[in-house]
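This briefing is for a reader who has not seen the structure before. Please look at the sequence and the model, then read the points below.

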Amino acid sequence: MTGTRKTAADARHDTEGPRPRSGPRSRTRSPSRSGARTGARTGTRTRRTVTAAAFLLPALVLLGALVVYPIGYSVQRSFFDRSGESFAGLDNYVTLFTDDTIRTAVRNNLIWVVVAPAVATALGLIFAVLTERVRWGTAFKLVVFMPMAISMLAAGIIFRLVYEQDPDRGVANAVWVGVHDTFAESSGFPRARPLPVHPLEAAGGGAYVTKAPVRAGEPVALPLIGVPPARMPGDARPARAPAASGGGISGTAWLDFTRGGGGKPNAVDPKELGLKGLRIEAVKDGEVVARTTAGADGTFTLPAVADGAVLRLPASNFREQYNGVAWLGPHLVTPAIIGSYVWMWAGFAMVLIAAGLAGLPRDVLEAARVDGANEWQVFRRITVPLLGPVLGVVLVTLMINVLKVFDLVFIIAPGSAQDDANVLALQLYRSSFGTDADLGVGSAIAVLLLLLVLPVMAVNIRRMRRENRR
Amino acid sequence: MTSFASDKADRPGGDPAARPAAEPSARPARARTSPSGTAARLAARAASGGMRLFLVLVALFWLMPTVGLLLSSLRSPSDIASSGWWQVFTAPAQLTTENYRDLLANDAITGSLVSTVLITVPATLLVIVIGSFAGYAFAWLDFPGRDWWFLLVVALLVVPVQVALVPVSKLFGAVGIFETTLGVVLFHTAFGLPFAIFLLRNFFAEIPRELLEAARLDGAGEIRLFTRVVLPLGGPAVASLGIFQFLWVWNDMLVALIFADAQSPPITVALQQQVRQFGNNVDVLAPGAFVSMLIPLLVFFAFQRQFVSGVMAGAVK
């Protein structure tokens, strides 16, 4: 871009002193033809112009036909209605801010432009500063910069995989569910339930209680059905009757179902598994007096205080398993796609900022350290302010880039969420080439995008003119 | 300009200002002036260890999505449907090249790879050729309004391609090259030109005038001057430009989506059509995406320096 190119090409000029500016050869050459008649001079000039035109022609034709003319066409088309026949004034532009889907696109674009460049630049700054200190910094930069090489389409497919809803397949949800289940205990047995012949009954709210109070010395049976074999804990063992336990209560909680049939209801049959981890509470007069969980073979014991209590299997045992976050659902789809963008572009910010860092005056930083500034102070008070121009260039470049984001949204947002993830470039595509195309609106969006980059265009031109004058 | 390690600006006549400072390891360890001895040193070492750990984690985090794609592409459809790619770490026997074999036997995909090449190579060469003609004219030829023309080109640097999609599709339709490879190539060339001209003009302008003068005194014409003196000296800039444009066109989806022949779309469009049924065809999408990434990744690792300077300079497009 503009600023980026400034760092690239123009920085060279700055260091190189005066350059051949005005017509490098015109003056130096004329002495060799001293005494040339006026006619010859005009002839030379004409020939030069013709030569230049020949060199420029292919470029100017292509630019004129495929870049300049389309701008004019789009501007003009944006003032006409869908059919293109009647003048519509500013109607198409009004539509941009009244139509619900397009308004979503404008709003999302705003979020994109504010969030994505800021996050990518912040990460780039952190990475650039930290990698300065490590020997394998170059390897790290390679890794983070690598996504810049691949297409947005490939990145889109990569992140469709990452964001897959099923925690068994999408890595984002696998991690999220893992973290969630570490803090909120996972419920082991969704949809497990007793049969009517079992000594358990529903107690409201999804919990089950024993039909009768339990007595010390009488083994308690807590049979349930309805757990698919795949959902049983991997380390559950065949259930067995409890060992008698002195004055306490003991019993077995097991899956009262024999695969392939042959089991008797309400009895612990040889192949039936213990409900490992099932939570059991002893309730007396509405208060929990003791609680425990079943072991791998389904056995459990409760202290003597539970004698005469009812055993309750709290509802937390049976809650639906936590299934992670709908990354690509209506609410998170835009942040999720911004995440993939940051993955691609943080490396860009990092490399530019690292180049800026390398150009900082070392002695200033060292002087601050010698004066007792800690690393944070040096970073906050010296490095960042000195990097200001570079950070600005990176931010502006990314903003321009983000304005036109299309592929990532088009690929990552599933069809059902495309309205929620809509952005201007996507809406332009839909308005121009979709099923109910309205070229008037499509052109208005194109013009809006162009207007948004005009300030940068102006800055570019100003800088070039300043250089030309030098 | 910018690159990962060495930071030598490409320019004819060497680069006295090459900054070794960009090499992170080349700087002396920073002086620790804390007088309070062991405790401070321990704290500093702990902080530095924490920082290293953080960077390692970040690097792994950054690699994970790509690794996920690669491993997914190496698993059978039924494995993909039933579990995540990380299962491979406990069951390496799942790995299979089956998907790649199917992919390469799939004419639609191999055909689309050929289309990608047929679009990318001409679009890159044309931009280099036309761009260096114009860049040379702007740098060394004298003609009326030169600076104004150049400003116009600079102004076009940031024009979004979106502005041209509808008008150019109408135009191509009128000329009869809508949905043809030629159309895609021309579109990419046109939108690659402002940057190409800008970059090459600035680069060519750095060529010492004495070289050109000497050639002219020897009687070389403009064409000869251009091909024998300017182009060879412009090598590094042409390389950066070529790599940037190559990757830009190779990775493009939007332009091809609209202008390419629907019968022989490039790989990005072919894969995009598959995305609509995402979930049932990861066994096609994952290896397809990986194959489409291979060339860019090779270019990236082989030409890091030119790649970085090209991408950095052309990022606004």
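How many residue pairs are in polar contact between chain A and chain B? The count is six, with both residues at pLDDT 80 or more; a polar contact is a pair of N or O atoms within 3.5 Å, where within protein one must be able to donate a hydrogen and the other to accept it, and residues adjacent in sequence count only if both atoms are side-chain atoms. The model is predicted, so local features need pLDDT of at least 70 and side-chain atom pairs count only at pLDDT 80 or more, while totals for chains, interfaces and linings use all residues. Residues are numbered from 1 along each chain as its sequence is written, chains are lettered from A and ligands numbered from 1 in the order in which they are written, and side-chain values use heavy atoms, with hydrogens and water left out.

**Chain A with chain B**

- Chain A brings 118 residues to the contact and chain B brings 128 residues, contact being heavy atoms within 4.5 Å.
- About 11,100 Å² is buried between chain A and chain B, and 74% of it lies on carbon and sulfur atoms; buried area is the accessible area (1.4 Å probe) that two parts lose on being put together, summed over both.
- Between chain A and chain B there are zero salt bridges (a side-chain nitrogen of Lys or Arg within 4 Å of a carboxyl oxygen of Asp or Glu).
- Helix α3 (residues 38-77) of chain A supplies the largest share of the side of chain A that touches chain B, 20 residues; helices (H or I, at least four residues) and strands (E, at least two) are DSSP runs, numbered from the N terminus.
- That side of chain A is made up of 73 nonpolar, 21 polar and 24 charged residues. Ala, Val, Leu, Ile, Met, Phe, Trp, Tyr, Cys and Pro count as nonpolar, Asp, Glu, Lys and Arg as charged, and the others, Gly among them, as polar.

**The two domains of chain B**

- Chain B has domain 1 (38-96) and domain 2 (104-314), with bounds from an automatic or database domain assignment.
- The centres of domain 1 and domain 2 of chain B, taken over C-alpha atoms, are 35 Å apart.
- Seven residues from domain 1 of chain B and seven residues from domain 2 of chain B form the contact.

- Domain 1 and domain 2 of chain B bury about 590 Å² between them, 91% of it on carbon and sulfur atoms.
- In domain 1 of chain B, the most area is lost to domain 2 by L69(B), S73(B) and I80(B), together 60% of what that side buries.
- Zero salt bridges are found across this interface of domain 1 and domain 2 of chain B.
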